[in-house]
Amino acid sequence: KRMYEEAKKLDPRRPCSYASHSLFTTPEKDAAGLMDFIEWNEYYQSWQKGGPAELKATLEQLHRAFPDKPVVISEYGYCACTADRPEADEMRINVLEGHDRVFREAPYVAGLIFFCYNDYRTQIGDKGKGALRQRVHGVVDLYGNRKPSWDELRRESSPILPLECSRQNGRWVVRITARKDMPAYSLDDYCLRAVGYGPAGIPYARRRVPVPRLRPGETHELSVALNFESLEKVVFDVLRPTGFSIWTTEKKL
């Protein structure tokens, strides 16, 4: 409480929060309630017993305790950190998909922070020895090698729904829909890239089409011409202004 008051003296405009790992017990007594919004480190199916049903019940309990405050999930994911929970990337995918479904049904959940992107070195690590002791929370390993859950995190973090692609009158029509749930934000300066591949996986044609500004829930159709009869497949990517692909769809011909 004193830290919160001091922070507000220094900068009254900046929101303050506190990441709690005890909100699932007695939220009404938790220090997080003193803050401008609620942050919860959620680890059902990992550190905490229970699954999506218990997660939903706890979220509802938090909302009853703090009806006027948004909730940010400051950590969630799967950690294979004990002997009874060996490294299982399938479980990481299961937790990510199942928990996201619950979060998306709760309009008071304002943000999600998946923990974490990469395995990391730590003195309390459960894998490796010496300087390479590490915790295996990540969707990539200590050297950046991707696990299958990397693709799932990319899909779950995408601000668009799956692309709808069809051929019409010798052109491709691609339907893009911006999510209106988690994560939801306006898409500015995005573009659609289409690459046509011929035999032996050789790229024969490429097109880029700008995506107009899309607000959450909005849909737009783009027309793409790839006039090569010998194409065997077309790969569509929606790209951020940075060039990073937020979604990939492959269509075989």
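One of the pairs joins tryptophan 40 and tyrosine 44, edge-to-face, at 6.3 Å centre to centre and 80° between the planes. Tryptophan 40 is buried, at a relative accessible area of 0%, and tyrosine 44 is buried too, at 7%; here buried means under 20% relative accessible area, exposed over 50% and partly exposed in between, with a 1.4 Å probe and protein chains only.

Another edge-to-face pair brings together tryptophan 172 and phenylalanine 236, at 5.4 Å centre to centre and 70° between the planes. This pair links distant parts of the chain, 64 residues apart: tryptophan 172 belongs to strand S8 (residues 171–177) and phenylalanine 236 to strand S12 (residues 233–239). Both tryptophan 172 and phenylalanine 236 are buried. Elsewhere, ring pairs connect Tyr76, Phe103 and Phe114 into a cluster.

Charged side chains also meet rings. A charge is taken to sit over a ring if NZ of Lys or CZ of Arg is within 6 Å of the ring centre and within 35 degrees of the ring normal. Arginine 146 lies over the face of tryptophan 150, 3.6 Å from the ring centre, and lysine 233 lies over the face of tyrosine 197, at 5.2 Å.

Leaving aside residues up to four places away in sequence, histidine 99 touches Glu42, Tyr44, Gln45, Leu55 and Tyr76, a contact being heavy atoms within 4.5 Å.

For the protein as a whole, the secondary structure comes to 4 helices and 13 strands, read as DSSP runs numbered from the N terminus (helices H or I, at least four residues; strands E, at least two). Of its 253 residues, 43% count as buried. Among contacts between residues at least 6 apart in sequence, 55% join residues at least 24 apart. The C-alpha atoms fill a box of roughly 70 × 45 × 35 Å along the principal axes.

Residues are numbered from 1 along each chain as its sequence is written, and side-chain values use heavy atoms, without hydrogens or water. Because the model is predicted, local features need pLDDT of at least 70 and side-chain atom pairs count only at pLDDT 80 or more, while totals for chains, interfaces and linings use all residues.

Note on methods
Rings of Phe, Tyr and Trp (its six-membered ring) pair if their centres lie within 6.5 Å; planes under 30 degrees apart count as stacked, over 60 as edge-to-face and the rest as tilted.
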